[in-house]
Amino acid sequence: MSTPENGLSAQRAQPAAEDLEWRRVHPITPLVRGWAVVGAAVVILGQQSLDGGPRGGLITLVTSEYWWTLLAALAAVALVGWGYSVLAWRMTTFAIGEETVHLRRGILFRQQRHARLDRLQSVDIRQPLVARFFGLCELTLETAGGTDSGIAIGFLKGSDADELRAELLARAAGLKVARRSPAADARSHPAPGTVTAPAGPAPVGAPTGAVAPGAGIQDAVEQPEPGIQGAQEPTPATLEAPQVPVLTVPLGRLIASVFRSGAMITLVLWALGVLVVMIATGELAVISASLPAVLGAGGYLFGRLTGEFDFRVAISPDGVRLRHGMLETRSQTIPPGRVQAVRLVQSGLWRGRDWWRVQVNVAGYGGESEEKNSVLLPVGTRDEALTVLSLVLPDLGVDEPRRILDAGLDGSSRTESAYVTAPRRTRILDPVAWRRNGFTVTGRALLLRRGRMVKILDVVPHERTQSLGLVQGPWQRRLGVASFQVHSTQGPVHPEVPHLDADDAARLMADQAMRARTARAAAGPERWMERQDG
């Protein structure tokens with residue numbers, strides 16, 4: 001990272017460069033990365049040949065006396081692509097310090113990036129289709145430094161990636177990891193898969209039982225034995241933290257949710273419209289003109305299905321663990337307290353099954369990775385959605401959290417008093433959903449609800465409030481109402497509630513700013529397993 005927070009300060013906290021053990025990624029990495037250049041060359045050459053190749057096309061070119069030119073061009077592109085990948089591999093090294101991850105890369109322009117472990121937001125293991133054939137993975141670290149703040153280390157053997165992820169999460173949690181000594185005998189030194197815990201409270205042990213709704217990380221693991229408490233000598237522990245499976249999304253439900261999505265309905269209506277126009281005009285050119293839109297919608301649905309295939313959620317002392325993907329498998333680990341905001345959303349087509357989708361904002365996620373990385377649950381029942389919510393926000397700070405959450409999801413009249421809603425005069429601005437627009441405050445979070453056709457409930461922990469805002473258009477000023485917004489990190493969740501009474505919105509803004517300051521002052525350390533003295 002080139003920012004002062006993620007770069008200079010982290011560099012000062014590190015030992016000298018010669019004290020770090022610099023490592024290279026797997027030697028097969030150039031082969032895994034180089035195929036993309038060859039694939040792009042095949043597409044470009046094919047398109048050019050079809051448009052203006054000799055004797056009218058690619059098939060004629062392949063069967064003519066010029067076939068060797070096509071092979072020579074592909075071979076030249078492959079040689080250049082793989083040659084560049086080999087040079088890039090030679091110039092790419094990484095090192096793990098006590099508090100920072102270092103990455104060096106670049107051929108013509110050298111880059112050195114640093115990621116502070118106390119700012120670690122998530123650790124992902126990505127395995128593209130080609131890398132899967134070689135058993136390789138890419139490790140991605142996302143930090144609280146913006147969209148381009150991540151560090152990608154790839155490719156590594158699967159076992160090495162798992163070990164490195166566990167080491168990084170252990171260091172980010174505040175545990176002391178025993179360094180390996182290449183010249184020392186393995187029997188007289190800690191194994192690569194061990195950590196050294198600080199004196200005092202021992203690290204958490206193995207998980208027991210299932211994680212119930214509302215249970216947090218501490219409920220998912222056993223407490224350390226009393227005899228270990230207060231130990232004077234460092235206590236070794238297994239590096240890979242145990243995990244407890246929480247739920248798996250059935251394939252049938254995922255397929256049904258995709259077919260019940262708005263994109264699928266739009267695609268079907270578009271196809272029917274094209275068919276009607278083609279029958280009415282008798283022109284087949286309508287199909288070719290509509291092909292880009294059909295391919296775009298179809299690609300989005302296919303991406304949803306393959307990206308959320310075999311979606312699994314688990315809990316561990318490291319945080320929430322997600323695993324999903326068909327063509328490209330992805331394993332995500334979100335450490336405790338890194339979720340900035342949560343959204344529970346339900347479309348009208350899911351209402352009969354009471355299905356909900358859970359999305360989150362995590363600092364560092366965004367851009368192209370926003371959709372695939374920010375899903376905590378692609379589709380699930382209400383109980384499953386609330387269970388997943390409890391993993392990232394175990395305590396709402398109220399006596400009856402289920403009543404508050406049900407009121408936010410349904411907006412039923414029985415629990416209407418739990419939420420401050422928009423005044424009746426706003427029905428001219430939002431005649432369908434004005435009764436649902438509202439908010440409530442608990443001891444730990446701010447809950448904002450809105451929408452009737454598409455129901456949305458946003459949950460923002462007080463300590464994760466970035467900034468606040470009020471928006472008031474001309475009609476809102478005339479009616480004495482305003483829209484309240486919570487500014488979060490980049491992601492799919494944009495917490496807001498429209499058309500509140502202006503006095504209620506102003507009071508909420510002032511009170512929430514005070515609550516955010518108080519919650520941040522009382523928040524735990526960034527290294528969540530460090531002992532707090534005093």
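Predicted model: local features only at pLDDT ≥ 70, side-chain atom pairs only at ≥ 80, totals over all residues.
Which strands pair with it? One is β14, residues 339-346, which runs antiparallel to β20 and is joined to it by 5 bridges. In that pairing, Val342 sits opposite Val459 of β20. Another is β19, also antiparallel to β20, over 6 bridges. There, Ala445 has Pro461 in β20 as its bridge partner. β19 and β20 form a hairpin with 4 residues between the strands, and in this hairpin Gly451 takes a positive phi near 90°.

Is Thr442 buried or exposed? Its relative accessible area is 7%, and because the cut-off for buried is under 20%, Thr442 counts as buried. Leaving aside residues up to four places away in sequence, Thr442 touches Leu396, Val398, Ile404, Leu447 and His462.

Let's move to another part of the model, an open sheet of 3 strands. The strand order is β1-β2-β3, with antiparallel pairing. At the edges are β1 (93-96) and β3 (111-116), each pairing on one side only. From one strand to the next, the twist averages 15°. β1 pairs with β2, residues 100-105, in the antiparallel sense over 4 bridges, and Ile96 stands opposite Val101 in β2. Helix α6, residues 158-173, packs on this sheet and touches β1 and β2, with its direction at about 45° to that of β1.

Last stop, a helix pair. How do α9 and α10 run relative to each other? The axes of α9 (residues 262-281) and α10 (residues 285-307) come within 10 Å and cross at roughly 170°. Angles over 145 degrees count as roughly antiparallel, and α9 and α10 are therefore roughly antiparallel to each other. Their contact includes Leu267, Trp270 and Val277 from α9, and Ile287, Val294 and Leu301 from α10. By class, the contact has 14 nonpolar, 3 polar and no charged residues.

Conventions: Residues numbered from 1 in each chain as written. Heavy atoms only, no water. Buried < 20%, exposed > 50% of the residue type's maximum accessible area, 1.4 Å probe, protein only. Contact = heavy atoms within 4.5 Å. Pairing = 2+ DSSP bridges. Helix = DSSP H or I, 4+ residues; strand = E, 2+ residues; numbered from the N terminus. Axes fitted to C-alpha atoms, helices over the stretch in contact; angles between N-to-C directions. Parallel < 35°, antiparallel > 145°, perpendicular 65-115°, else oblique. Nonpolar A, V, L, I, M, F, W, Y, C, P; charged D, E, K, R; others polar.
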